[in-house]
Amino acid sequence: MNATPDYKDAALPVGRRVEDLLSRMTLEEKAGQLFHSMLMMNADGTPVTETDGSMLPFTTPELIEDRFLTHFNLLGTYGPREMARWQNAVQETAAATRLGIPVTLSTDPRHTFTDNIGASFNSGAFSAWPEALGLAAIGDPELVHRFADTVRREYLAVGFRVALHPQIDLASEPRWARQSGTFGSDARLTGELVAAYVRGLQGPALGPGSVSAMVKHFPGGGPQKDGEDPHFAHGKEQVYPGGMREHHLEPFRAAIAAGCAQMMPYYGQPIGTDWEEVGFGFNKGVVTGLLREELGFDGIVCADWGLLNDATIFGQVHPARAWGLEHLSVAERAARGLEAGCDQFGGEQCPEVIVELVRSGRVAESRIDESVRRLLREKFTLGLFEDPYVDPDAAAEIVGRSDFTALGAAAQRRSLTVLTNPDGLLPLTAGPKLYVRNVDAVVAAGYGEVVGDPADADLAVLRLRTPYEPRENIFESYFHSGSLAFPGPELAEILALLDRVPTLVCINLERAAVIPEIAERAAALVADYGACDAALLDVAFGRAAPEGRLPFELPRSMKAVEASRPDVPNDTLDPVFPHGHGLPLQRPRATPEHPPSPLRAPSQEPLGGQERRGT
C-alpha cells in the first residue's frame, strides 16, 4: 500500500506540504498555476462543457484537465444554490486530476448596484450595499469591517475564496470610470477603510475561514490622463503633473500593514516619471523594487486581466494591454511579467508559453517554482486541500440572509448625502401628491399619492445618474467616461421639470458630476452611491437619517475639470460642493407604522470553516 503523500497530510507544516507537492509537479502542471482565468457556468449549476469561443476560448474541463489551471474567477450572476453546486462540480473535476490540486475560485464585487462584466456584478441574491464610494461617504471603519465580514460569509457559502477587491485607488481624476469602486479621494480615510476591509475578509490571519483579499490597483490607478481608462489603448497613460505619486501609495501601505494576501498591479503606463514607461504589470521597478523590496509585500502578485494575448470580447477584438510593450511577442511579454515579479497572469490561459520559456532557457524553472510556492501555500492555508466543497442548502440560507440584508439596507440609507435643502423641504411630511421619474411608482405609493402629471403634484422626485459619453465599443460602453455634464437638451428637460414643480433630485454619483444649474434650482438635492428607491424615500420622509459626506468634490464646469491635475485630489477651481460636504437632517421620526430601519449586525461568530460547510 502506498503511503499518503506529505502534501495530503494536514498534520504537517504548510511549508513541508508545499515542497512535497512542488517536487511532484511536472513543468506543465506548474505552468498552469500561473494563470488566473475566467469561467462561466450554466444556469442549472453545471460546468460549461461546450463553448463557441465568443467569450471564453476553452471549456471548464479543458482548462482544468488539459491545461492544469486551478485559479478562476466566475463571470455572471446566478442563484446561490446553483453556484454552490457548480463550485462542487468544478472541485470534483480538479480532484480527479493526477495530483488533485483543488481550485481556488474568485470573484469581482457582488454586493452593490453596478453591473459591469469587466469590473463588478450587481448584488442579485447577495445582500445589497452601497458602492465603496457610499461606504466612504459614511466613513465608518467598523461598518466597513461588518460589510467585509458579511461578504466573507456569503462568499464562503458558495465557494469563493479570493475577492478581487477592495479597490483602493484614489478618485483624483474626476472623469475616470472606475471611481465607484474606490473609497473616494481621501488617502487617509481610504487607508483606514481598507485596513478594516482586509480584516473583515481575512480575519486576524489567513486561514480556513478566510477570503483572501486581492487589493488593487497598485500603485494607484487614479491619475489617468484625461480620465480615460487603461483597459483601452487610448487610456493607457498614467501621469503625475502634481507630483503626488507618493500620496497615491498611502492606502497600499495601510493594506500591506493589515496583512492583505494578494495585490494586483494596474494596466497604466507611467509617463514622465523615473519609472520605466511600461505597464505596471511589466514594471520591475514598481512590482519588485517598490512593492516587494521597499514596502515589504511578500504575498501573491496577480497581473490585471489580459496583458499577454489579444482577446475577443462581445465579438470584438481587443488588443492585449501590454502598454509600452506592444511590439513584443506573447512569450516575451510573459517573460517580462515574470521578471517584474508577478506570480500570476489574470484572464489568460496559455501555460504552454511558460513551458516554452523554461525549455528554451529564457526563464529558469526556479523562477516558476518561486511563484508556484506562493500560490500553493495560499491553497493550503485556506484549507482547500482538506475541505474544498460547500453545502448548496446552506448556501441558499446564508446568501442574502435577513440580517445581512438589513445591514446593507441600513448602510444604503446612511450613505445618502444631502447636498442642498434651501427651504427646509426635507424631511417631508406624509401624504403629498408625488410625481416620480426614474422611481418605482409602486414603491413611491407607500409615501404619498402618485400622480401622472407634474401639474397635479405637490412634489416631484427625480432620480438621475452621473452623465457620461457613450462609447461605440460594446465592452468600453460599460466604462462610463468622458464629460461629466448633461448634454444641453437633457439638461433643459431636467430644468423644465424643476421649474414646473418643486423637485427632490437624487443623483447617483459613480463619478463626480457637473450639475451647478440643477443644484441651484432643485428644491432639494441628494447624492446616492447605490441605494434603492425605498432608501431614498425613507430619508426624504424622515424615516431614516442620512449621514453621507461627499467622497470627492463636485466641479463647477468641465473647463475646471480639464484644467485640474489628474494626480491631485479635489483640484478643480471653485467646486459647487467641496469634498466632505453634506447637510444633516433631523433624526428619523419613528411611528408604529414606520419604525426606524434595523441596524442589527450579523452575528460575530469566530472565523472558522463551519459556516462554509453549512453546519
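**Close-up views of salt bridges and a helix pair**

Asp538 and Arg413 are both buried (under 20% relative accessible area with a 1.4 Å probe on protein chains only; over 50% is exposed, and in between is partly exposed). The model is predicted, so local features need pLDDT of at least 70 and side-chain atom pairs count only at pLDDT 80 or more, while totals for chains, interfaces and linings use all residues. Residues are numbered from 1 along each chain as its sequence is written, and side-chain values use heavy atoms, with hydrogens and water left out.

**View 1. Salt bridge between Asp538 and Arg413.** The closest N and O atoms of Asp538 and Arg413 are 2.9 Å apart. A salt bridge here is a side-chain nitrogen of Lys or Arg within 4 Å of a carboxyl oxygen of Asp or Glu. Asp538 belongs to helix H18 (residues 533-540) and Arg413 to helix H14 (residues 402-415), so the pair ties together parts 125 residues apart in sequence. Helices (H or I, at least four residues) are DSSP runs numbered from the N terminus.

**View 2. Salt bridge between Arg359 and Glu28.** The N to O distance between these side chains is 2.6 Å. Arg359 in helix H11 (residues 351-359) and Glu28 in helix H2 (residues 27-33) are 331 residues apart, and the pair links distant parts of the chain. Arg359 counts as exposed because its relative accessibility is 56%; Glu28, at 27%, counts as partly exposed.

**View 3. Salt bridge between Arg152 and Asp149.** The closest N and O atoms of this pair lie 3.1 Å apart. Because Arg152 and Asp149 are 3 residues apart in helix H6 (residues 141-158), about one helical turn separates them. Arg152 and Asp149 are buried.

**View 4. Network of salt bridges.** Glu228, Glu469, Arg471 and Glu476 are linked in this network. The count of salt bridges in the model comes to 42.

**View 5. Packing of helix H1 (residues 14-24) and helix H12 (residues 365-381).** The helices pack at an angle of about 125°, with their axes 9 Å apart. The axes are lines fitted to C-alpha atoms over the stretch in contact, and angles run from 0 to 180 degrees between N-to-C directions. H1 is therefore oblique to H12 (under 35 degrees is roughly parallel, over 145 roughly antiparallel, 65 to 115 roughly perpendicular, and the rest oblique). Contacts (heavy atoms within 4.5 Å) involve residues including Val14, Val18 and Leu22 in H1, and Val372, Leu376 and Phe380 in H12.

Methods
Helices (H or I, at least four residues) and strands (E, at least two) are DSSP runs, numbered from the N terminus.
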